[in-house]
Amino acid sequence: MSRIRWFSGPTILALALFGTACRSESERAEGAVREPGDRTGDRSAQPEGQTPRQEGRDQAERLGDKAEQLAREGQELGKEAREQAARVGEKAEQLAERGREVGNEVNSQMNRVGEQTGALKDDKGQGGRDQAAQPAAPRDQGGRDQAAQPAAPKDQAAPRGAQGREAQQNQAGGARERAQQQGNAASTRDAWTQAAKDDDYQVSFGRDGAVVATKEAKDSGKRPSDEELRNAVGGKLAGSDHEAVKKLSVSVRNGVVTLQGSVANIKEATEAVKEAMEAEGVTKVISNIRPES
């Protein structure tokens, strides 16, 4: 490619015109030489003085041929340059399209990671609040009670021993109740997590005990209004087999559906959220449903 000579359009045109002018001059010179011969009638005899003119004519013809050759080369090079530019443009468009696809894929992965991270933070925060809400361990409480009590005479030792045993029994009962509550909370979270996995949506737990269900939005064009979403969810709940689910309160704000009310058990609560998530256009449901058992 380093040996290829590039010629612009004006240069090629100038060379072509120069070749044409040289041809014209050569023809005129030849005509001027032939005219005396025609008048004398001796056309076959060529005087010795015409040799330089013949050389000039030959040189002009060579220049004309060279100009035509350069013009053809210039046209071929221009065509090749246009083809290369077209190929480079197509390659650039392909790379740009691939870059857009990679960018969209990265954004989707980051959104999924963010949702999962938020769910883990909510679970850890709820566990920390449950532990903070628990009273001190029975052993420490018993030690403080014993330290607060004054020394008793020997004749009161038996009654106070009975009171200590009763306090220990009460503390043990409270510990069992708290353990049962924690077990129920864990069981509830497990039930919600399993329901979300079965029904193909994500679930997280809010600080106030609310359950947040989300799923990816389908690219269907215009998003339904809040009123349309409320009617769609209400219609889904109305078809439930459970009366408590039919009576749940439905509200929608900025496309987020909120369910409130009480149901018999966790199964009915997960069913209500499932029905709401299946409504057309719904991508997020906040459940403030309280199971009675």
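A surface patch here is made of residues with over 30% relative accessible area and no salt bridge, with nonpolar side chains joined within 5 Å. With that in hand, here are the close-up views of this predicted model.

**View 1. A nonpolar patch on the surface is formed by Val102, Val106 and Met110.** Together, these three residues have about 250 Å² of accessible area. Val106 has its place in helix α2, which covers residues 51-133.

View 2. Seven helices and five strands make up its list of elements. Of the 293 residues, 20% count as buried. The chain exposes about 20,900 Å², and 49% of that is supplied by carbon and sulfur atoms. Take the contacts between residues at least 6 apart in sequence: 67% of them join residues at least 24 apart.

**View 3. The largest nonpolar core has 27 residues.** Look for Tyr201, Val233 and Leu259, the residues with the most contacts inside this core. Two or more residues come from each of α4 (157-199), β1 (202-205), β2 (211-214), α5, β3 (249-253), β4 (256-263), α7 (266-277) and β5 (284-291). Which element gives the most? That is α7, with five residues. Zooming in on Val233, and not counting residues up to four places away in sequence, you will find that Val233 touches Val250, Val257, Leu259, Ala276, Ala279 and Val282.

**View 4. Glu228 sits in helix α5.** A polar atom of the Glu228 side chain lies 3.0 Å from the backbone nitrogen of Ser225. Glu228 counts as partly exposed, because its relative accessibility is 48%. Do look across to Val252 as well: Glu228 and Val252 are 24 residues apart in sequence, and their C-alpha atoms are 9.3 Å apart in space.

**View 5. Ser240 is found in the loop between α5 (226-238) and α6 (243-246).** Leaving aside neighbours within four places in sequence, Ser240 is in contact with Val245, Lys246 and Glu271.

Definitions and conventions:
Residues are numbered from 1 along each chain as its sequence is written. This is a predicted model: local features need pLDDT of at least 70, side-chain atom pairs count only at pLDDT 80 or more; totals for chains, interfaces and linings use all residues. Side-chain values use heavy atoms; hydrogens and water are left out. Patches are made of residues with over 30% relative accessible area and no salt bridge: like charges are joined within 9 Å, nonpolar side chains (Val, Leu, Ile, Met, Phe, Trp, Tyr) within 5 Å. Accessible areas come from the Shrake-Rupley method with a 1.4 Å probe; for residues, only the protein chains shown count as cover. A salt bridge is a side-chain nitrogen of Lys or Arg within 4 Å of a carboxyl oxygen of Asp or Glu. Helices (H or I, at least four residues) and strands (E, at least two) are DSSP runs, numbered from the N terminus. Contact means heavy atoms within 4.5 Å. A nonpolar core is a set of buried Ala, Val, Leu, Ile, Met, Phe, Trp, Tyr and Cys residues joined through side-chain atoms within 4.5 Å. Buried means under 20% relative accessible area, exposed over 50%, partly exposed in between (1.4 Å probe, protein chains only). A polar contact is a pair of N or O atoms within 3.5 Å; within protein, one must be able to donate a hydrogen and the other to accept it, and residues adjacent in sequence count only if both atoms are side-chain atoms.
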